[in-house]
Amino acid sequence: MALHARVEEALAVTANLFQSFGITSDGRVVSVEDVRRGMACDCCCTECGELLIARQGDVRAWHFAHDSGAGCTGAAEGALHRAAKQLLVEAGSVLAPAMEARASHRVDDGRLGEATVVKPAELWVLTQIREEVAVGVHRIDVVGAHDGRPVLIEVAVTHVVDDDKRKALSELGAPCFEISLDVHCHESWSWEDLRLEVLERPENRRWIYHPDQPMLDEQARCEAVAKSFGGRYKGAPYRNWVIPVGAKSAVLEQLDGIGAVRET
Ligand SMILES: [Zn+2]
């Protein structure tokens, strides 16, 4: 995308999004619905620290405005990001993304087997949750523990995880996923809007790294091989295959060839 198009897109985002969250003097993120009207809201901008005014009128959506009237670039998005992190910490559970593996295998005679293996999204209870954890040169938005192992969560509002950070996070070896908030979903955001998007919506999250992905990939590869021979998969690793008579030794040979681990 050309630079001017990106700038226009960024401006459009800013123009369509009201600042729905501010921060109190004791560091808590609050919604414009939680506070008293006007200066009595007693909170600041999460980005620049300036005092905010709670606009709670009848015409436009309720929002925060800066006391000086000055523009504050990215205030609405930054505030949304802060609110999302606080929500994750306080909720103590989050929907972990689905995991998927696809594979295809073609036999010499041209037959093709294609397989998709999906591990559905599931609700994970998290303990020991913290915001803004430094790992090397990177900061991770939220870190918690699930079933005794660490989980890393990134929340993308305007910035998705770039390749460098993706690589660094993968090298940690812990499950790590990204939640992408579409700021265009709402003109202004309530806690309830944010709760649905951050904690519950399966479509807006994906794994950056999961240590079980190679296992799922292998399962898909095995399934594709067996399917290419007309086989049918019944369950866990590949002793559960129903393979057509006469094809079994060829299937096993192919599976050994791709390094599949045979259950005995
Ligand atoms: Zn500001």
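The model on screen is predicted.

**Stop one: the sheet**

Select strands β10 to β14. They form an open sheet of five strands, in the order β10-β11-β12-β13-β14. The pairing is mixed. Now colour residues 127–135, which are β10, and 205–209, which are β14. These two strands stand at the edges. Each has a single partner strand, so one side of each is left without a neighbour in the sheet. Turn the view and follow the strands across. From one strand to the next, the twist averages 30°.

Strands of a sheet pair through backbone hydrogen bonds, either parallel or antiparallel. Which way do β11 and β12 run? Select residues 138–146 for β11 and 149–156 for β12. The two strands run antiparallel, and five bridges join them. Pick out Ala145, then Pro150 in β12: Pro150 is the bridge partner of Ala145.

**Stop two: a helix across the sheet**

**Stop three: two residues in β10**

Go back to β10 and select Gln128, which sits in this strand. Its phi is positive, about 50°, although Gln128 is not a glycine. Is Gln128 buried or exposed? It has 10 C-beta neighbours inside 10 Å, and 12 or fewer makes a residue exposed, so Gln128 counts as exposed.

Next select Glu132, also placed in β10. Glu132 is a residue other than glycine, and its phi is positive, near 50°. Glu132 has 10 C-beta neighbours inside 10 Å, so it too counts as exposed.

**Stop four: helix α2**

Select residues 75–91. This is helix α2, with 17 residues. At 1.5 Å a residue, α2 should span 24 Å. Check the ends: the C-alpha atoms there are 24 Å apart, which agrees.

How many of the 17 residues of α2 are buried? Twelve are, so the helix is largely enclosed by the rest of the structure. Show some of the buried side chains, including those of Glu77, Leu80, His81, Arg82, Lys85, Gln86 and Leu88. Ala75, Ala76, Ala79, Ala83 and Ala84 are buried as well.

Finish just after α2, at Gly92. Gly92 takes a positive phi of about 75°.

Note on methods. Residues are numbered from 1 along each chain as its sequence is written. This is a predicted model: local features need pLDDT of at least 70, side-chain atom pairs count only at pLDDT 80 or more; totals for chains, interfaces and linings use all residues. Two strands pair if DSSP finds at least two bridges between them. Helices (H or I, at least four residues) and strands (E, at least two) are DSSP runs, numbered from the N terminus. Axes are lines fitted to C-alpha atoms, for helices over the stretch in contact, and angles run from 0 to 180 degrees between N-to-C directions. The expected span of a helix is 1.5 Å times one less than its number of residues. A residue is buried if 20 or more other C-beta atoms lie within 10 Å of its own, exposed if 12 or fewer, and partly exposed in between; C-beta atoms are placed from the backbone.
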